[in-house]
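Biologist: Hi! I'm new to this one. Could you walk me through it?
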Amino acid sequence: MGLLRVMMPPKLQLLALLAFAVAMFFLENQIQKLEESRGKLERAIARHEVREIEQRHTQDGLRERDLTLSSLSDNEDDMVIIYNRVPKTASTSFTNIAYDLCGKNHYHVLHINTTKNNPVMSIQDQVRFVKNVTEWREMKPAFYHGHVSFLDFTKFGVKRKPIYINVIRDPIERLVSYYYFLRFGDDYRPGLRRRKQGDKKTFDECVSAGGSDCAPEKLWLQIPFFCGHYSECWNVGSQWALEQAKYNLVNEYMLVGVTEELEDFVMMLEAALPRFFRGATELYKTGKKSHLRKTSEKKPPTKESIAKLQQSAIWKMENEFYEFALEQFQFVRAHAVREKDGELYLLAQNFFYEKIYPKN
């Protein structure tokens, strides 16, 4: 190069220098364009990868959502409710609502008809019943009802227990209703001959005479129905039975209502279990069957008759259980409904989620 500079005239040297400078500028410009093109390509590839990841996440999310919805739907379609109804607590009136809604809401209603209305099943029938309830898929979702005492499904190795619900009543009012029902029947099947038909003695006359059909021992029914299939449950006046009934009411029953506030019970069931009870509140208010079954010829007892029954230890225990159930029901209701202008309405959802991690 040095030899060329000696041999080349100054003008040619200047031109060569300019040409070299132009060539270098051109090369740098091309290199810059290549770098920019490479950057664009890398960004395009990155955006494509992001889109692919987002699509995979979206598809995964949709699959998870579909699986979740399918699981929820399967769970609802696998649901079983047992209403082990206590006699003369408006149980037929409430059961009629379930019958009226089963076609519209697509579930089955099955009556548990025990021989002679015996509320205690034999051990072999307990096994059969548990097997039917859990494995009879053609009948699911299902609403079982009948005059049978509480049965603990966990004793039989069942993983998913049915949902228990029930309604109870003031013990003396329930006994009075049952007393007249055995003699005069009701408006549900008025032509059916009842066991005590022809006996015209009033409840007050029965109490005054110390009759067996109005004895304090006849009050012992709601406690054993909730206590269950233990021998001690049916020992009249058992303190253990009372405590076990309370335990089961709180721990084994989703909701226990009271006859005196049946509409509130129906409303809360519709809110909690719409799969079964959607439309129940409106049906209860306007339907023809809501108060279908009424005991005929029922006469309210006198204060003297009530006072005499209230002296017994059995009444005190049954009433304690009723008051316990009533307090629990009113507690649940206070957190579920409000009253405005004489009308009840359900409270809206009162919780939400936040601070959800990890962030995606």
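This is a predicted model: local features need pLDDT of at least 70, side-chain atom pairs count only at pLDDT 80 or more; totals for chains, interfaces and linings use all residues.

Biologist: Great. How many cavities of 30 Å³ or more are there?

Modeller: The count comes to 2.

Biologist: And what is the volume of the largest cavity?

Modeller: About 40 Å³. Its lining includes Phe-150, Leu-151, Asp-152 and Lys-155, and also Cys-227, Gly-228, His-229 and Tyr-230.

Biologist: How does that lining of the largest cavity divide into nonpolar, polar and charged residues?

Modeller: There are 4 nonpolar, 2 polar and 2 charged residues in the lining of the largest cavity.

Biologist: What about the second largest cavity, how much space lies in there?

Modeller: The second largest cavity holds about 30 Å³.

Biologist: Which residues line the second largest cavity?

Modeller: You'll find Ile-82, Met-121, Phe-129, Val-148, Ser-149, Leu-151 and Tyr-164 around the second largest cavity. By class, 6 of the lining residues are nonpolar and 1 is polar, with no charged ones.

Biologist: Nice. Changing topic: which residues make the nonpolar surface patch?

Modeller: That patch is made by Phe-20, Met-24, Phe-26, Leu-27 and Ile-31, and covers about 510 Å².

Biologist: Let's pick Phe-20. Where is its place?

Modeller: Phe-20 sits in helix H2, which spans residues 10–77.

Biologist: Is Phe-20 buried or exposed?

Modeller: Phe-20 counts as exposed because its relative accessible area is 53%, and the cut-off for exposed is over 50%.

Methods: Residues are numbered from 1 along each chain as its sequence is written. Side-chain values use heavy atoms; hydrogens and water are left out. On a 1 Å grid over the protein atoms alone, a cavity is a set of points where a 1.4 Å probe fits but cannot get out, and a pocket is an open set with protein on both sides within 12 Å along at least five of seven lines; lining residues have an atom within 4 Å of a point. Grid points are joined across faces, edges and corners, and a volume is the space filled by probe spheres set on the points. Ala, Val, Leu, Ile, Met, Phe, Trp, Tyr, Cys and Pro count as nonpolar, Asp, Glu, Lys and Arg as charged, and the others, Gly among them, as polar. Patches are made of residues with over 30% relative accessible area and no salt bridge: like charges are joined within 9 Å, nonpolar side chains (Val, Leu, Ile, Met, Phe, Trp, Tyr) within 5 Å. Accessible areas come from the Shrake-Rupley method with a 1.4 Å probe; for residues, only the protein chains shown count as cover. A salt bridge is a side-chain nitrogen of Lys or Arg within 4 Å of a carboxyl oxygen of Asp or Glu. Helices (H or I, at least four residues) and strands (E, at least two) are DSSP runs, numbered from the N terminus. Buried means under 20% relative accessible area, exposed over 50%, partly exposed in between (1.4 Å probe, protein chains only).
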